[in-house]
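Please keep the sequence and the 3D view at hand while reading.

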Amino acid sequence: MDFVHYEVHDRVGYVTLARAEKRNALNYEVVSELKQAFAYAEEDEACKVVVLRAEGKVFCAGADLEYIQKLQDNDYHENLADSTHLMELFRLIYTLKKVVIAQIHGHAIAGGCGLAAICDFGFAVPEAKFGYTEVKIGFIPAIVKVFLLRKIGESRAKQLLLTGDLISAAEAEQYGLVNYVVPAEELEQRVFAFAQKLCVENSKQSMEVTKEMIARVQEMSLEGGLQYAVEMNAVARSSEDCQRGIAAFLNKEPINW
């Protein structure tokens, strides 16, 4: 792949945006390669947790505006296909069976902010700026909005989406857009240590099912969600990981996940 790299270190799979000269902006090819990398990571037995990171000074500047300008000559159906292509990437990351951590070393703007927000966890440096600037150029934050509302709620989402203003990493942490703000020199190690904690301490199966349930239950009614929950609870009790985990706890034995 030309714009995205994939590698694994100690069960941590790294998906790296490598289009630094264009501030890692998203076009059809970049989105295609991201989809390919995440799909591969999901099936890679050597990978238990995924980290999304980027080269250069910017994490991701969002859509490649030169590419968007060319798309203006397309008809509705061509633009619908391209928009669906991006949606499929966001849905893939959000529903990926493995935990995804965003390692945000620089600005995450518009679609780039959306890319960071759909990850399960986010680590950012203090200097990073976040925001959805689409309304400032006559565009709309259509796809990212679906996930942002789930992540931070309507009031915060409106503040970001309707103003188009940029916020600091500290404010992004307050909003719930990222989880941790750490010094730049500590970012890589802190993300790796967190990923290793998940790898060593947590069941892969349990994290996968829990993540899936978080995504699905929000679409359900109260009664539907509770019924889904009790059914999944019953299934989990007989799972191999649950049996191993409880036996180890009762026997006061360490367990190697």
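The questions below concern a predicted model, and they turn to helix packing, rings and backbone angles.

Q: Are helix 3 and helix 5 roughly parallel or roughly perpendicular to each other?
A: The axes of helix 3 (residues 76-95) and helix 5 (residues 142-152) come within 9 Å and cross at roughly 25 degrees. Angles under 35 degrees count as roughly parallel, and therefore the two helices are, relative to each other, roughly parallel.

Q: How many nonpolar residues are in the contact of helix 3 with helix 5?
A: Helix 3 contributes Ser83, Leu86, Met87, Phe90, Arg91 and Tyr94, while helix 5 contributes Ile143, Val144, Phe147 and Arg150. Sorted by class, this contact has one polar and two charged residues, and the nonpolar ones number seven.

Q: Over the ring of which residue does the charged end of arginine 156 sit?
A: The charged end of arginine 156 lies 4.2 Å from the centre of the ring in question. That ring belongs to tyrosine 175.

Q: Is asparagine 24 buried or exposed?
A: Asparagine 24 lies in the loop between strand 2 and helix 1 (28-43), and has a positive phi of about 55 degrees although it is not a glycine. Its relative accessible area is 0%, and since buried means under 20%, asparagine 24 is buried.

Q: Is aspartate 10 buried or exposed?
A: Aspartate 10, with a positive phi near 50 degrees, is placed in the loop between strand 1 (4-9) and strand 2 (12-17). Its relative accessibility is 55%, and because exposed means over 50%, aspartate 10 counts as exposed.

Definitions and conventions: Residues are numbered from 1 along each chain as its sequence is written. This is a predicted model: local features need pLDDT of at least 70, side-chain atom pairs count only at pLDDT 80 or more; totals for chains, interfaces and linings use all residues. Side-chain values use heavy atoms; hydrogens and water are left out. Axes are lines fitted to C-alpha atoms, for helices over the stretch in contact, and angles run from 0 to 180 degrees between N-to-C directions. Helices (H or I, at least four residues) and strands (E, at least two) are DSSP runs, numbered from the N terminus. Angles under 35 degrees count as roughly parallel, over 145 as roughly antiparallel, 65 to 115 as roughly perpendicular and the rest as oblique. Contact means heavy atoms within 4.5 Å. Ala, Val, Leu, Ile, Met, Phe, Trp, Tyr, Cys and Pro count as nonpolar, Asp, Glu, Lys and Arg as charged, and the others, Gly among them, as polar. A charge sits over a ring if NZ of Lys or CZ of Arg is within 6 Å of the ring centre and within 35 degrees of the ring normal. Buried means under 20% relative accessible area, exposed over 50%, partly exposed in between (1.4 Å probe, protein chains only).
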